[in-house]
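Work through the exercises below with the sequence and the structure in view. Each task is followed by a solution in steps.

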Amino acid sequence: MDLTGIPVPVMNWESTNQPEAFKKLKQHVKLIFGGPLKEKDEAVQCTYFMLWICDRGRDIYNTWNVIPDDAKKLNTYFDRFQGYVQPKLIPIFARYKFNNEVPKDQSVENFITKILGSDCQYTNVDEMIRDRIVFGTSHSKVREKLINEGDKLTLRKGHTRCSTA
């Protein structure tokens, strides 16, 4: 079975949230191995995975000591790469991006979804998103009304007011 028309899975090594990037890659790989490549034996599937993990992934793999039997098992690759990317969360960079994000050219829903997908590791995410909506809105009158709400302003209220503006 060939993969014509099916997008090739690729690891995003530039992501600020590498565990999430690897999770997406792994999900895509499992879909392909459960579908068009399900007839391939596991050793061949491992070869496909090594192609899709790109040069950087192969460089990482080459630093490991993997016994030949384990090199034929997908879980060896999944577990090792998961362990490699897990400490690669960069919350300070995610917070930098979060605090510089301006929801001008996107809907409030898209903005909230994008921020929730980041890995800022804030303890009160709703409050942080609410503040970014207030500070980032391009409508000065809406911003003024939101600020005048004071402590009564919730994420939900801010979202509703900006959505109707």
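The model is predicted.

**Exercise 1. The aromatic cluster**

Task: Find which residues are linked into a cluster by ring pairs.

Solution. Step 1: the members of the cluster are W13, F22, F49, Y61, W64, Y77, F78, F81 and Y84. Step 2: count the aromatic pairs, taking rings whose centres lie within 6.5 Å. The count comes to eleven aromatic pairs.

Step 1: W13 belongs to the segment before α1 (18–34), while Y84 belongs to helix α4 (residues 74–85), so their pairing ties together parts that are 71 residues apart in sequence.

Step 2: compare each relative accessible area with the cut-off for buried, under 20%. W13 has 7% and is buried. Y84 has 26% and is partly exposed.

**Exercise 2. How α2 packs on α4**

Task: Describe the packing of α2 and α4 by angle and distance, and sort the residues in contact.

Solution. Step 1: the axes of α2 and α4 are 8 Å apart, at an angle of about 35°. Step 2: on the α2 side the contact is made by E42, Q45, C46, F49 and M50, and on the α4 side by L74, N75, Y77, F78 and F81. Step 3: these residues divide into seven nonpolar, two polar and one charged.

Another residue of helix α4 is T76. T76 is buried, at 15% relative accessibility. Leaving aside residues up to four places away in sequence, T76 touches V66 and D70.

**Exercise 3. How α8 meets α9**

Task: Decide whether α8 and α9 are roughly parallel or roughly antiparallel.

Solution. Step 1: the axes of helix α8 (residues 140–149) and helix α9 (residues 155–163) come within 10 Å and cross at roughly 160°. Step 2: angles over 145 degrees count as roughly antiparallel, and α8 and α9 are therefore roughly antiparallel. Step 3: the crossing of α8 and α9 is right-handed. Step 4: V142, L146 and E149 of α8 make the contact with K157, G158, R161 and C162 of α9. Step 5: the contact residues are three nonpolar, one polar and three charged.

**Exercise 4. The whole chain**

Task: State how many helices and strands the protein has, and what part of its residues is buried.

Solution. Step 1: there are nine helices and zero strands. Step 2: of the 165 residues, 34% are buried. Step 3: among contacts with a separation of 6 or more, 61% join residues 24 or more positions apart.

Note on methods. Residues numbered from 1 in each chain as written. Predicted model: local features only at pLDDT ≥ 70, side-chain atom pairs only at ≥ 80, totals over all residues. Heavy atoms only, no water. Phe/Tyr/Trp six-rings, centres within 6.5 Å; stacked < 30°, edge-to-face > 60°. Helix = DSSP H or I, 4+ residues; strand = E, 2+ residues; numbered from the N terminus. Buried < 20%, exposed > 50% of the residue type's maximum accessible area, 1.4 Å probe, protein only. Contact = heavy atoms within 4.5 Å. Axes fitted to C-alpha atoms, helices over the stretch in contact; angles between N-to-C directions. Parallel < 35°, antiparallel > 145°, perpendicular 65-115°, else oblique. Left-handed = near helix turned anticlockwise from the far one by under 90°. Nonpolar A, V, L, I, M, F, W, Y, C, P; charged D, E, K, R; others polar.
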